[in-house]
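Please have the model open as you read.

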Amino acid sequence: MIPIILLGFLGIYIFIERYITLRKASQIDKNFMNQIRDYVQSGNIEAARSLCKNTDTPIARMVEKGISRIGKSFADIRGAVENEANLQVLKLEKNFGLMATVAGAAPMVGFLGTVTGMIGAFYKLSIAGSAVGPGLVAGGIYEALVTTAGGLFVGVPAYVGYNQLTIMLDKLIFRMEATTVEFIDLLEEPI
């Protein structure tokens, strides 16, 4: 049960940490791009860059990277923004694989406990001879059921948590892609 408990704590930690990170990354002022548009169109690039630096979100970092390339080709700007977006997504995906591992490994460790519990129960039966009673195998069956339940108790919430985090990340990635298009369109607009 100790490995299952450790997996449970690991899953809880990752879920809470990633949930907070994704919530924070998703919160951006609805007027952010309007302010960027106003600054860029008025030629106040430093104010636009300052706004991005003071807004601690992946979207602001992407836009800041694009602003730093103003004056270069649109292909260069788009490439810089997309590269920054990829870096931000990698940071946001941190520990997602570990969370998926917890979701898959916990039930498997529980089933391993089931197998060892049943092996123990049948071993006791094999050496008991004629003194067979329900108490003889009860301990092994108890171990089997407890470890199975423990593994599922950890694995199912970890699986649901992983999927919840994935949905949150997908929504954020969509917003990042939409902002990239909006930023590039802004640069292509005649002033």
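Beyond its neighbours within four places in sequence, phenylalanine 183 is in contact (heavy atoms within 4.5 Å) with Met33, Ile36, Val63, Gly66, Ile67, Ile77 and Val81. This is a predicted model, where local features need pLDDT of at least 70, side-chain atom pairs count only at pLDDT 80 or more, and totals for chains, interfaces and linings use all residues. Residues are numbered from 1 along each chain as its sequence is written, and side-chain values use heavy atoms, with hydrogens and water left out.

## Two aromatic pairs

You will find two aromatic pairs here (ring centres of Phe, Tyr or Trp, the latter by its six-membered ring, within 6.5 Å; stacked under 30 degrees between planes, edge-to-face over 60, the rest tilted). Phenylalanine 15 and tyrosine 19 are stacked, at 5.7 Å centre to centre and 25 degrees between the planes. Both sit in helix α1 (residues 2–26), four residues apart; helices are DSSP runs of H or I, at least four residues, numbered from the N terminus.

Phenylalanine 96 and tyrosine 162 pair edge-to-face, with 6.1 Å between centres and 65 degrees between planes. Phenylalanine 96 lies in helix α6 and tyrosine 162 in helix α7, so the pair ties together parts 66 residues apart in sequence. Phenylalanine 96 is buried at 9% relative accessible area (buried is under 20%, exposed over 50%, partly exposed in between, with a 1.4 Å probe and protein chains only), whereas tyrosine 162 is partly exposed at 25%.

Conventions
Helices (H or I, at least four residues) and strands (E, at least two) are DSSP runs, numbered from the N terminus.
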